[in-house]
Amino acid sequence: MDTIKKTGLVALAVFIVAVSVIILTISALTGKGDEPVKEEQDTAKTTTTATEPTQDEIVAPFEISISSGAPTIAVGDQTVLSAVLTPAQPRVKVCWYSEDTNVVVVTTDGIATGVSEGSAQLKVVCINVDEKNPEYSLPSATYSISVVAATGETGNQVIYDRPPRGNQDLIVVNTSSQLSASYTPTVKQVPESIPATKVCYLTPEALQAYTEMLAAFKKANVGDVYIISAYRSYKKQSELFTEQIKIFTDQGYDEASAREAAMTTVNPPGCSEHQLGLTIDLSTDGTTQHDFGSLAQGKWFLNNAHRYGFILRYPADKVSITGIAYEPWHYRYVGVEHANYIYSHDLCLEEYIQLQ
Ligand SMILES: [Zn+2]
């Protein structure tokens, strides 16, 4: 019996090894797999600015595709274009140029600015190629962009389509100024001592500022307040948006109309500033309160939040500039100095960043 068992085990082991070799060979040949593709995209995204090639030779053939950029911008507005090389090519850099600089200009690393109304093609080509392999035909890609008339108030707004660098306190996030799926700030869990309706996360500086603000709020003795939403990941926002679309498709809307209707109440993924980890939604009873601004608690935050670095992000009198309906519950951390200026000059964030 033992010998038979052993023979069986040996045969099984040989079979497993053989199958593994076949799988590894196939995956090496096709170059496909779930995780590596994601990593390749991340690596490729940074190649436009990265300076450390980690690979000597080009893996050919490869493809180039455009992974971000707004299809329509206003005159004076900017959008950031990114190209992804598949498989990743750390040695290869890309270069952007505009085929009609009267309509749109673009920096070599992909920051496009609208010049005049019209449409133009932006082209991305590969440069800095290993001359050991000159025979490769290098891929290029074209991106069509439309430029529309400036709306006045929002002209010259910088649009971030990929993770912003540097000081993020003043980043504007909306449907035309997005954060990428990989944008994940470092956040801390909001401790249980701070009233919230669920487990919440904020960046350490926003949490510190909120803690101080809450202490002052409690001293003022105007009632209770709860955080009902803080940091939301790209994935979470995506789920919320999908749920909202489903509510409309269940009501008989077609996909496109449902999407449009959903956008009036929930931001699409990448378009919510909750993804920055600098934003809180407040409530006195755990629900979204459209009258929060007229409650004692709402009034206190309206008059005092700036002292702690927070601003009312979507004021009633700035809807035409922010493009977002009045949200008395939604506060955004920008830092004490900026918040004081914004408050005392009666500005919204869009107006303030134009003064920077
Ligand atoms: Zn909010």
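What is the mean pLDDT of the chain, and what share of its residues reach 70 or more? In this predicted model, the mean pLDDT of the chain is 78, and 71% of the residues reach 70 or more. Two stretches fall below 50. Over residues 12-54 the pLDDT is below 50, and this stretch makes 29 contacts in the model beyond near neighbours in sequence. Residues 152-166 likewise have a pLDDT below 50, with 46 contacts in the model beyond near neighbours in sequence. Where pLDDT is low, the predicted coordinates should not be read in detail.

The chain has 356 residues, of which 33% count as buried. Its secondary structure comprises nine helices and 15 strands. Among contacts between residues at least 6 apart in sequence, 66% join residues at least 24 apart.

An open sheet is formed by four strands in the order β12-β13-β15-β14, with antiparallel pairing. Its edges are β12 (226-229) and β14 (310-312), each of which pairs on one side only. From one strand to the next the twist averages 40°. Strand β12 is joined to β13 (residues 279-283) by three bridges, and the two run antiparallel. Within this pairing, S229 of chain position 229 stands opposite D281 in β13.

Helix α6 (residues 296-304) has three buried residues, Q297, G298 and F301. These residues lie on the same side of α6, because they cover an arc of only 100° around the axis. The cover over the buried residues of α6 includes β13 and β15 (330-333). On the face turned away from the buried side, α6 carries the exposed residues A296 and N303.

The largest nonpolar core contains 37 residues, and those touching the most other members are L202, L282, A305, F310, I311 and Y331. At least two residues of this core are supplied by each of α3 (204-220), β13, β14, β15 and α8 (336-344). Helix α3 gives the largest share, six residues. Leaving aside neighbours within four places in sequence, A305 is in contact with M213, F310, I311, L312 and Y331. A second, separate core has 23 residues, including V80, A88, V104 and Y143. In soluble globular proteins, nonpolar side chains tend to be buried together.

V104, a member of the second core, stands opposite G114 in β7. The strands concerned, β6 (residues 104-106) and β7, pair in the antiparallel sense over three bridges.

Leaving aside neighbours within four places in sequence, V225 is in contact with P195, F217, L282, T284 and Q297. Of these contacts, L282 is one of the residues that touch the most other members of the largest nonpolar core, and Q297 is one of the buried residues of α6. The C-alpha atoms of V225 and A196 are separated by 8.2 Å, although the two residues are 29 apart along the chain.

Positive phi values occur at two non-glycine positions described here, N221 and D346. Most residues other than glycine have a negative phi. Phi of N221 is near 60°, and that of D346 is about 55°. D346 is found in the loop between α8 and α9 (349-354). This residue has 10 other C-beta atoms within 10 Å and is therefore exposed.

Key: Residues are numbered from 1 along each chain as its sequence is written. This is a predicted model: local features need pLDDT of at least 70, side-chain atom pairs count only at pLDDT 80 or more; totals for chains, interfaces and linings use all residues. Two strands pair if DSSP finds at least two bridges between them. Axes are lines fitted to C-alpha atoms, for helices over the stretch in contact, and angles run from 0 to 180 degrees between N-to-C directions. pLDDT is the predictor's confidence in each residue, from 0 to 100. Two residues are in contact if their C-beta atoms, placed from the backbone, lie within 7 Å. A residue is buried if 20 or more other C-beta atoms lie within 10 Å of its own, exposed if 12 or fewer, and partly exposed in between; C-beta atoms are placed from the backbone. The arc is that of the directions from the helix axis to the C-beta atoms. A nonpolar core is a set of buried Ala, Val, Leu, Ile, Met, Phe, Trp, Tyr and Cys residues joined through C-beta atoms within 7 Å.
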